[in-house]
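Subject: Structure for you to look at

Hello,

Here is the structure I promised. Please open it and read my notes beside it.

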Amino acid sequence: MLDAIVVGAGPNGLAAAITLARAGRSVHVIEASDAIGGGVRSAELTLPGFVHDVCSAIYPMGIGSPFFRGLPLAAHGLEWAHPELPLAHPLDGGRAVALHRSLDATAEELGPDGPTYARIFGDLTERWRALIAPPPRRLADVVGPSPGLWRTAAAGLSPAARVARRRFVTEEARALWAGLAAHGMQPLVRAGTGGFALSLGAAAHAVGWPFVRGGAQRLADALAGVLRGHGGTIETGHQVRSIEELPAARVVLLDVAPEALARIAGDLLPSRFSDQLARFRRGPAAFKLDYALSQPIPWQAEACRRAGVVHVGGTCSEVGLAFGEVARGLHPARPFVLVAQPSLFDRGRVPPGSSQHTAWAYCQVPEGSGRDMTDLLEAQIERFAPGFRDVVLARHTPDPRALEAHNANLVGGDIWGGACDLRHLIFRPTPRLRPWTTPHPRIFLCSASTPPGPGVHGLCGFMAARAALRALRRRKI
Ligand SMILES: Cc1cc2nc3c(=O)[nH]c(=O)nc-3n(C[C@H](O)[C@H](O)[C@H](O)COP(=O)(O)OP(=O)(O)OC[C@H]3O[C@@H](n4cnc5c(N)ncnc54)[C@H](O)[C@@H]3O)c2cc1C
């Protein structure tokens with residue numbers, strides 16, 4: 001009998017499997033798709049020779065993950081590609097504000113808002129650096145109280161719109177903060193949205209916002225390489241519908257959506273728990289576009305031409321308005337668009353010797369939306385990069401339903417594995433002391449629908465595997 005089966009080979013499934021295999025347990029991973037990686041895949045989606053990241057593309061949480069940093073991923077082919085600037089945010093009139101790797105350089109760029117910016121981001125940036133600097137430390141060692149920590153917590157727990165209004169005076173700083181907060185895909189008036197701005201900004205300063213050289217798939221392949229090195233095995237092309245169909249194993253860890261956990265486990269879970277899983281609240285969906293381009297995006301502002309990511313959404317108020325509309329079930333006329341430009345910093349993504357480029361972009365839409373947002377999304381890019389449409393060679397447009405067809409975890413096109421408001425980040429997927437466990441002692445949930453939540457960092461899988469190892473050690477099963 002196997003020690004563990006992991007269902008789903010996304011970054012969390014692979015992280016769970018690696019954690020179990022490194023502890024000497026026999027592990028087999030079963031993946032529905034023909035390729036491993038889940039949200040960490042790349043493919044030629046537009047034209048031959050153009051490599052696109054199918055889902056995730058930017059990895060502050062990956063390079064900054066204490067779990068990934070403890071794995072020999074470079075020996076298995078992983079190389080990070082850092083852009084010159086992690087982020088730029090254009091404003092009308094050809095202006096843009098840049099987020100630099102250096103906290104000081106960013107603060108200097110923000111003029112009168114520089115000291116406030118440095119105070120807000122300084123403490124968390126330092127703690128993050130301390131957490132990942134060798135020798136390895138426990139989280140508890142870098143979370144001690146300090147005046148800086150309370151300042152950080154206050155900004156993180158507040159609505160991002162309020163922090164922008166009260167703490168910053170320039171349009172540039174407010175827009176930069178709002179764009180960072182927008183990654184949470186929540187209306188910026190909600191408590192806790194400041195936390196997204198804080199963690200992503202601090203990540204940019206502490207570790208950067210890199211791409212994976214050659215495409216996201218190489219990160220998934222490196223994780224699989226580590227797993228196989230510890231004796232783990234992976235099977236693809238097998239969508240699991242019921243626990244009954246799995247080979248005999250002491251524990252089962254599922255890198256799946258909470259709703260799918262209820263279906264797959266069936267009667268093994270008490271109906272009260274299954275009902276809670278079925279009622280799990282989803283976040284908005286993403287409408288994504290991948291581009292093959294004849295040349296780089298012709299941004300008016302020079303900073304945007306040097307940045308890995310460009311936040312296209314205008315002022316803080318405009319960004320807030322777009323998310324407010326989506327929360328009310330509307331499609332924003334001026335969506336907030338996240339644009340990534342991997343080929344500016346990784347030439348392996350386009351045909352050799354060409355001067356062509358790739359771009360990756362998405363905007364938020366209501367859950368399950370089937371509306372084609374291409375025109376609105378491109379109008380936003382054109383606003384800051386006139387002539388953009390003229391450089392498009394080909395596009396690939398998976399709407400939210402296509403995203404879900406590609407990966408069953410993206411329910412209704414929700415890319416974050418569930419709503420990311422404060423309640424759903426803490427009680428994820430249900431209120432439980434150890435949220436990776438279920439009422440059944442052999443069944444665990446290890447997907448991004450558990451803490452610490454979405455993003456490519458492997459920590460949900462790592463924590464779930466630790467809970468499973470504890471259960472295995474206690475010989476409960
Ligand atoms: C468009 C998009 C853009 C994103 N951008 C970023 C980004 O830039 N940076 C970032 O950090 N994060 C980003 N994310 C989020 C990130 O991809 C996810 O948070 C992360 O992949 C979650 O990992 P996971 O292992 O929990 O699930 P997933 O990566 O979704 O993997 C789950 C796997 O389980 C498989 N599976 C599901 N059900 C079954 C079943 N019944 N049987 C067998 N296999 C099954 C799926 O096929 C899939 O391979 C993005 C996501 C999307 C969709």
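Pro-429 sits in the loop between helix 16 and strand 16 (443–445). Helices (H or I, at least four residues) and strands (E, at least two) are DSSP runs, numbered from the N terminus. The peptide bond from Arg-428 to Pro-429 is cis, and its omega is near 5°. A cis bond also joins Pro-451 to Pro-452, with omega near 5°. Pro-452 belongs to the loop between strand 16 and helix 17 (459–473).

Two points on the source. This is a predicted model, where local features need pLDDT of at least 70 and side-chain atom pairs count only at pLDDT 80 or more, while totals for chains, interfaces and linings use all residues. Residues are numbered from 1 along each chain as its sequence is written, and side-chain values use heavy atoms, with hydrogens and water left out.

The ligand

Which residues come nearest to the ligand? Of the 34 residues around it, they are Glu-31, Gly-39, Ile-58, Asp-255 and Asn-407. A residue is near a molecule if one of its heavy atoms lies within 4 Å of it. The shell divides into 18 nonpolar, 13 polar and three charged residues. Here Ala, Val, Leu, Ile, Met, Phe, Trp, Tyr, Cys and Pro count as nonpolar, Asp, Glu, Lys and Arg as charged, and the others, Gly among them, as polar. Helix 1 (residues 11–22) gives the most to this shell, with three residues.

Now look at the polar contacts. A polar contact is a pair of N or O atoms within 3.5 Å; within protein, one must be able to donate a hydrogen and the other to accept it, and residues adjacent in sequence count only if both atoms are side-chain atoms. An oxygen atom of the ligand is 3.2 Å from a polar backbone atom of Pro-11. A ligand oxygen atom is 2.6 Å from an N or O atom in the Glu-31 side chain. For the side chain of Asp-255, the distance from an N or O atom to a ligand oxygen atom is 2.8 Å. On its own, the ligand has 990 Å² of accessible area, and the protein covers 95% of that. Accessible areas come from the Shrake-Rupley method with a 1.4 Å probe; for residues, only the protein chains shown count as cover.

Helix 1 also holds Ala-17. Why does Ala-17 count as buried? Because its relative accessibility is 0%. Buried means under 20% relative accessible area, exposed over 50%, and partly exposed in between (1.4 Å probe, protein chains only). Ala-17 and Ala-464 are 447 residues apart along the chain, yet their C-alpha atoms are separated by 9.9 Å.

Helix 8 (residues 171–181) is mostly covered, with eight of its 11 residues buried. Among them are Ala-173, Leu-176 and Trp-177. Thr-170 lies in the loop between helix 7 (160–167) and helix 8. With a relative accessible area of 16%, Thr-170 is buried. Its side chain reaches the backbone nitrogen of Ala-173 at 3.2 Å.

Met-185 is in the loop between helix 8 and helix 9. Its phi is near 55°, a positive value in a residue other than glycine. Met-185 counts as buried, at 5% relative accessibility.

Cavities

How many cavities of 30 Å³ or more does the structure hold? Four. On a 1 Å grid over the protein atoms alone, a cavity is a set of points where a 1.4 Å probe fits but cannot get out, and lining residues have an atom within 4 Å of a point. Grid points are joined across faces, edges and corners, and a volume is the space filled by probe spheres set on the points. The largest cavity has about 40 Å³ of space. Its lining includes Gln-186, Arg-190, Phe-196 and Asp-421. Helix 9 (193–206) and helix 16 (422–426) each supply at least two lining residues. By class, the lining has five nonpolar, three polar and two charged residues.

Is Glu-244 buried or exposed? Glu-244 is exposed, with a relative accessible area of 63%. Find it in the loop between strand 9 (233–235) and strand 10 (249–254). His-76, in the loop between helix 3 (66–69) and strand 5 (80–81), is partly exposed at 35%.

Best wishes

Definitions and conventions
1 Å grid on protein atoms, 1.4 Å probe; cavity = no way out; pocket = protein on both sides within 12 Å on 5 of 7 lines; lining within 4 Å.
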